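Here is a chain to read closely.

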Amino acid sequence: MRTLPIFHEADVELVAGSDIARVMPTPARALLREPQLFAKAEVPNSAVIASATSRAAEKVGKQAATGTVVVGGIADAVLLDADPVADISYLIDQRHVRAVVSSGHIVQR
């Protein structure tokens, strides 16, 4: 926790991921835990979000189709009624989730 802000300040590209996904209720819950920990370590929220989206896609070689919203990309997204850059907890708080899109289809409202 102490090293994350130091790495961020040194322009180290942080990537969210989890090695505890198998013991969490779902892999998605494991991944959502990472941004919470990054934010708790006082990494700026915009960098926290990038660590779980665009930077994660880059690190696995999928940046052409995932990690950002682009024409022709794989449409997986969580649509919120609040700004997670202002408060990262909006990503976790189900009251703010308006829709979940998977492969271009709304799977939850």
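**Labels and the values behind them**

This is a predicted model. The chain has four helices and three strands. From the N terminus on, they run α-α-α-α-β-β-β.

Q: What makes residues 54–59 count as a helix, α4?
A: A helix needs a DSSP run of H or I with at least four residues. Helix α4 covers residues 54–59, so it carries the label under that rule.

Q: In which order do the strands of the sheet stand, and is the pairing parallel or antiparallel?
A: The order is β1-β2-β3, and the pairing is antiparallel. The sheet is open. From one strand to the next, the twist averages 35 degrees.

Q: Why is one side of β1 and of β3 left without a neighbour in the sheet?
A: β1 (77–80) and β3 (105–108) stand at the edges. Each has a single partner strand, so one side of each stays without a neighbour in the sheet.

Q: How do you know that β2 and β3 pair?
A: Pairing takes at least two bridges found by DSSP. Three bridges join β2 (residues 97–102) to β3, so the pair qualifies. Val-101 stands opposite Ile-106 in β3.

Q: What makes the set with Leu-4 and Ile-88 a nonpolar core?
A: A core is made of buried residues of nonpolar kinds, such as Ala, Val, Leu, Ile and Phe, joined through side-chain atoms within 4.5 Å. The largest such core has nine residues: Leu-4, Leu-14, Phe-38, Ala-39, Ala-41, Val-43, Ala-47, Val-48 and Ile-88. Helices α2 (27–40) and α3 (45–52) each supply at least two residues of this core.

Q: Which residues is Ala-39 in contact with, leaving aside neighbours within four places in sequence?
A: Those residues are Asn-45, Val-48 and Ile-88. Contact means heavy atoms within 4.5 Å.

Q: How many salt bridges are there?
A: The count comes to three.

Q: Why is the Lys-59 and Glu-13 pair called a salt bridge?
A: The cut-off is 4 Å, from a side-chain nitrogen of Lys or Arg to a carboxyl oxygen of Asp or Glu. Here the N to O distance is 3.5 Å, so the pair passes. Lys-59 lies in α4 and Glu-13 in the loop between α1 (3–9) and α2, so the bridge ties together parts 46 residues apart in sequence.

Q: Why is Lys-59 called exposed, but Glu-13 partly exposed?
A: Exposed means over 50% relative accessible area. Lys-59 has 51%, so it is exposed. Glu-13 has 39%, so it is partly exposed.

Q: What makes Asp-81 and Arg-98 a salt bridge?
A: Their side chains meet at 2.5 Å, N to O. That is within 4 Å, so the label applies. Asp-81 sits in the loop between β1 and β2, Arg-98 in strand β2, 17 residues apart. Asp-81 counts as partly exposed at 42%. Arg-98 is partly exposed as well, at 44%.

Q: How do you know that Asp-93 and Arg-95 form a salt bridge?
A: The N to O distance is 2.6 Å. The limit is 4 Å, so this pair qualifies. Arg-95 has a relative accessible area of 65%.

Q: How much of the chain counts as buried?
A: Of the 109 residues, 24% do. Buried means under 20% relative accessible area.

Definitions and conventions: Residues numbered from 1 in each chain as written. Predicted model: local features only at pLDDT ≥ 70, side-chain atom pairs only at ≥ 80, totals over all residues. Heavy atoms only, no water. Buried < 20%, exposed > 50% of the residue type's maximum accessible area, 1.4 Å probe, protein only. Axes fitted to C-alpha atoms, helices over the stretch in contact; angles between N-to-C directions.
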